[in-house]
Amino acid sequence: MHFHSSHRFIRPFSTLSTTAARRTPHSSSSSSKWRTQIRQSQLVSQVSSILLQRHNWSQFLRTLNLSFKLTPTLFLQILNKTQHHPQISLSFFNWVKTHLGFKPDLKSQCLVIRISLGSDLSLPVEPILNSIIQSHPAPVVADSIIQACQGKNFQFSALSLDLVIKSYSKKGLFMEGLEVFRIMRNHEFTPSITACNELLDALQRYNKVKLAWCVLGAMIRVGVDPDQFSWSLVAQILCKNGKFEEVVRLLEKGIYSSEIYDLVIDFYSKSGDFGAAFDRLDEMCSRKLVPSFCTYSSVLDGACKHNDKKVIERMIGMMIEKKLLPRHQFSEIDLIIQKLCDLRKTHAAEMLFKKACGESIRLQDDTFGSMLKALSQVGRIDEAIKTYRMISKRGIMVNESCYYALLNLLCREDQSDDGYELLVEIMKNGHNPCASQLSNYITSQCRKRNWTKAEELLELMLEKGLLPDSFACCCLLMEHYCFHRQIDKVVALHDKLEKVKTSLDVTTYNMILEGLWREKKSEEAVRVFDYMRGLSLVNSGSFTIMIRELCHMKELRKAMRIHDEMLNMGLKPDKGTYKRLISGFK
């Protein structure tokens, strides 16, 4: 009985022991996590204390070996503890990036932005903001900013999101700016007038009229009253879209600014309606607005364009009276011509330029460059070429941007052989146009069947390391080579494109494969196909060509490997094509 009783006692005890043994690893793990949390909490407190209590905190932090201990979570906790000392938080933020190579996550970056804005330290956070808007979608950035501002008043969220809209707008990323604007409205935050104006300005620069009207309407609905700058931007948008009468209507409704008057006076002057231009000039003065150099130079430029000598004399007299021009025209001639060129008042600039040249006055090299650039920018191609010839003849050195402007004009204005020859000449002299403009020019030469010109320019483009930004110019040339069985040229051009990592479309590649196999260039065909696969530019047609031709060469193993790859990629051709294809394996 005693044995039986003890046996009954031992079994439960052994069971408990086994259970305890089973629980030991879990308890050990929990204990380890607890100890880790204690150490991390101590580290956060230690770092925070050093930051807040030591002027030379960086020396003390170096002894803590933070590069192996710091995590995004711990970093965020430290920032939360130091947030009432914004300069310290920002300095620590920059220090960990520079000295530890630490990369703060989005939460930490948004918190630093909120801390800095709360203390009027908005300038130092611009690099942080630029970084996050480049690496995260707009909705994610906006939501993270809002989360970072939780628990604070609305002002912090609105200020932070304002800054995001401005950053997107300045970079021309208006769609992202519009997305943040929408999120602000959904959260009942009111954007500032400056943020709205930045967004309107971006839309104006990219000529997005409908979107601009939508933003203007949304501004008014959320209680943001457009200011003079807002209406000036609206007027610019209207002028760009030929709605000049709408701009005049703004003036008649009492909505006016110097910028709006400048647009109206410039329009009248360009069209030769100088009576209306002078009327608006008087009206501007009566409304206590001061006409600027730009205002008067618009009328002068129009008078020079229409060769109205009376208006020219009158305007020069008015500008001298207003001390906008010197009494002795040639005393500051370089400065005046360059200023007119910056405003793109090329007719007025040209008049003074010719006068100076006629009087044998030695002009600065920069003045010649300004003339070349401005004439190119406004599309006056004959005058721009004439100025370039003068610069070349005299051996004058001008800024690279001046050649860039002329080259882009020559690419846009495909008028004659002279333009083409000059384009090649300037490029061979070491100057480059915009790659996109040159690509379009080469494409236009291909469409006109000027194959020799297209070939020469593409070769020159690739030699200079400029990458064609569209398939069209290269594809059209390749198709031409294939059609005329100029396979050596196909291979040569493909080698050049491969070196600069430029690709064609899959249709052109398939045409190249057909051409190479037709000319018995199997090695080149296989190499091109491998390059296509590397770029994922293959379709069932590509595989069909390779399998068919390899079967003809009795390279059945290679053909079968490619066949299996085709099936694995889900690129099996239609039933009839596939039946003919596999018959080659018999």
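I looked up Glu 514 and found a salt bridge with Arg 548, the closest N and O atoms being 2.9 Å apart. The pair links distant parts of the chain, 34 residues apart: Glu 514 lies in helix H28 (residues 506-518) and Arg 548 in helix H30 (residues 540-552). I count a salt bridge when a side-chain nitrogen of Lys or Arg is within 4 Å of a carboxyl oxygen of Asp or Glu. Helices (H or I, at least four residues) and strands (E, at least two) are DSSP runs, numbered from the N terminus.

This is a predicted model, where local features need pLDDT of at least 70, side-chain atom pairs count only at pLDDT 80 or more, and totals for chains, interfaces and linings use all residues. Residues are numbered from 1 along each chain as its sequence is written, and side-chain values use heavy atoms, with hydrogens and water left out.

**Entry: accessibility of the pair**

My cut-offs: buried is under 20% relative accessible area, exposed is over 50%, and partly exposed is in between (1.4 Å probe, protein chains only).

**Entry: H28 against H30**

Next I checked how the two helices pack. Two packed helices are described by the angle between their axes and the distance between the axes. H28 and H30 pack at an angle of about 10 degrees, with their axes 9 Å apart. That makes H28 roughly parallel to H30. Axes are lines fitted to C-alpha atoms, for helices over the stretch in contact, and angles run from 0 to 180 degrees between N-to-C directions. Angles under 35 degrees count as roughly parallel, over 145 as roughly antiparallel, 65 to 115 as roughly perpendicular and the rest as oblique.

Which residues of H28 meet H30? I listed Val 506, Asn 510, Leu 513, Glu 514 and Trp 517. On the H30 side they meet Gly 541, Ser 542, Ile 545, Met 546, Arg 548, Glu 549 and Leu 550. Contact means heavy atoms within 4.5 Å. By class, I noted six nonpolar, three polar and three charged residues in the contact of H28 with H30.

**Entry: other salt bridges**

How many salt bridges are there in the whole structure? My search found 22. I picked out two more pairs.

Glu 246 pairs with Arg 249, with the closest N and O atoms 2.8 Å apart. Both lie in helix H13 (residues 244-252), three residues apart, about one turn of the helix. Glu 246 is partly exposed at 36% relative accessibility, and Arg 249 is partly exposed at 38%.

Glu 283 pairs with Arg 280, with the closest N and O atoms 3.1 Å apart. They are three residues apart in helix H15 (residues 274-286), so about one helical turn separates them. Glu 283 is partly exposed at 25% relative accessibility, but Arg 280 counts as buried at 12%.

**Entry: Asn 197**

I found Asn 197 in helix H10 (residues 193-205). Asn 197 counts as buried because its relative accessibility is 4%. Leaving aside residues up to four places away in sequence, Asn 197 touches Asp 227, Phe 229, Ser 230 and Leu 233.

**Entry: confidence**

Last, I read the pLDDT, the predictor's confidence in each residue, from 0 to 100. The protein averages 87, and 93% of the residues score at least 70. Among the elements, helix H1 (residues 2-53) has the lowest mean pLDDT (62) and helix H16 (residues 293-305) the highest (97). Over residues 1-23 the pLDDT is below 50, and this stretch has zero contacts in the model beyond near neighbours in sequence. Where pLDDT is low, the predicted coordinates should not be read in detail.

Conventions:
Ala, Val, Leu, Ile, Met, Phe, Trp, Tyr, Cys and Pro count as nonpolar, Asp, Glu, Lys and Arg as charged, and the others, Gly among them, as polar.
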